[in-house]
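Reader: I'd like to learn how to read a few features off a model. Where do we start?

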Amino acid sequence: MILPWHQSAFLELRKMIDQNHLPHALLITGVEKIGKFELAEQLIQTLLCKNDSCGECSYCRAIKKDNPRELLDHSTLIRRSHYPNLIYCCSELNESGALSKEIRVDQVRAFCESLGKTAEELQIGLIFYANQMNMNAANSLLKTLEEPRDNTLIILLAHNSSALPATILSRCQTVHISPTYSEESVKWLSQNIDKTTQDDFDAIQLLESAHGIPFKAVEDLQGDYFFQYLNWQNLLLEIALNPSKATETEIFDGNELQVLSCLQQLVTEGIRLKTIKHEGAQLELNKIITKTATSHLFKLLDDIGRAISMSQTTVNIKLLLDNILIVWSHITHLKKYPIIINSQDLRLYF
Ligand SMILES: [Zn+2]
């Protein structure tokens, strides 16, 4: 079954197959847990199965037997699928049992050699976390990509294409999977959360808290992340309506980045509701946006985005969040939007 948020990416692939334009190398990108492997698996099944991904034939069964999680636990150069002409390659476990951050040249060489052997049927090679190939590994793969063989498909999976060398990128056709908030995805999510919790949760809110990544939403619900997220969200809403609450933010400590993302989501939703002139399910958010100028919400969204990207640097993230929260706590009655200077000394100019 094609996952609802894979539909448009799959349609692109389907078109390539139907028009006989499937490239020799394909790159599937998308954020972590968006289901890049599942899309690749669907593609492989579509290519091999004579009966519309029936799930019953020897090809479909062989591919379904390949458990990628299990694959990641094994320390081997490359791994052959239950379908003999399909090969997987990913980083190995290192001596301490953790997954190495690197795909080495000997792995890629073994991978390319196996693909090089002639076979009558389609040969497929799949590289997980292709951005983890070290320079030598990437160069070795490039040689194979430069002399593509007939009847061979190499699929690379990576979170984003910018992490791959330009030389590799230029040889690949890219298909991207985007995060989703569509009705079909929300429906999929409600069907995939535990029956007992179904009544307690709004699947839309759950998907929003997981940034539009349905598999992450399911996982979040298994831990206590979603509950924490709801607590942050409630406090953020209170702060905008009652600025004195801005001093009671202990629950944000240590979670600054996640709280910034949570606020980003709230402000984005606020702008959306204000633009379509609709009331949302959260009464507090409705109150906040009625009293707030749209331009201020856009400026705040920019500042949050900047704060999130700055958090990757050495800047003190707690101060970043504090400054954003000062603006947020005044957002409903701001006359002029302040300039937040996020340099080494963080200052706020009203
Ligand atoms: Zn089949």
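Author: Start with burial: buried means under 20% relative accessible area, exposed over 50%, and partly exposed in between (1.4 Å probe, protein chains only). Here cysteine 49 has 8% relative accessibility, so that residue counts as buried. Cysteine 57, at 22%, counts as partly exposed. Keep in mind that this is a predicted model: local features need pLDDT of at least 70, side-chain atom pairs count only at pLDDT 80 or more, and totals for chains, interfaces and linings use all residues. Residues are numbered from 1 along each chain as its sequence is written, and side-chain values use heavy atoms, with hydrogens and water left out.

Reader: Which residues coordinate the zinc ion?

Author: Donors are N, O and S atoms within 2.8 Å of the metal (3.2 Å for Na, K and Ca); water is not among the atoms, so sites may look incomplete. In this model the SG atoms of Cys49, Cys54, Cys57 and Cys60 coordinate the zinc ion at 2.3 to 2.4 Å. Their spacing in sequence is C-x4-C-x2-C-x2-C.

Reader: Why is the arrangement around the zinc ion tetrahedral?

Author: Four donors count as tetrahedral if all angles lie between 85 and 135 degrees. The 4 donor atoms here subtend angles of 105 to 119°, which makes the arrangement tetrahedral.

Reader: And strand β4, how many of its residues are buried?

Author: Strands (E, at least two residues) are DSSP runs, numbered from the N terminus. In a regular strand the side chains alternate between the two faces of the sheet. For β4 (residues 123-127), 5 of its 5 residues are buried: Gln123, Gly125 and Ile127 on one side, Ile124 and Leu126 on the other.

Terms used
Four donors count as tetrahedral if all angles lie between 85 and 135 degrees; four count as square planar and six as octahedral if opposite donors are over 155 degrees apart and all others between 65 and 115; anything else is irregular. Helices (H or I, at least four residues) and strands (E, at least two) are DSSP runs, numbered from the N terminus.
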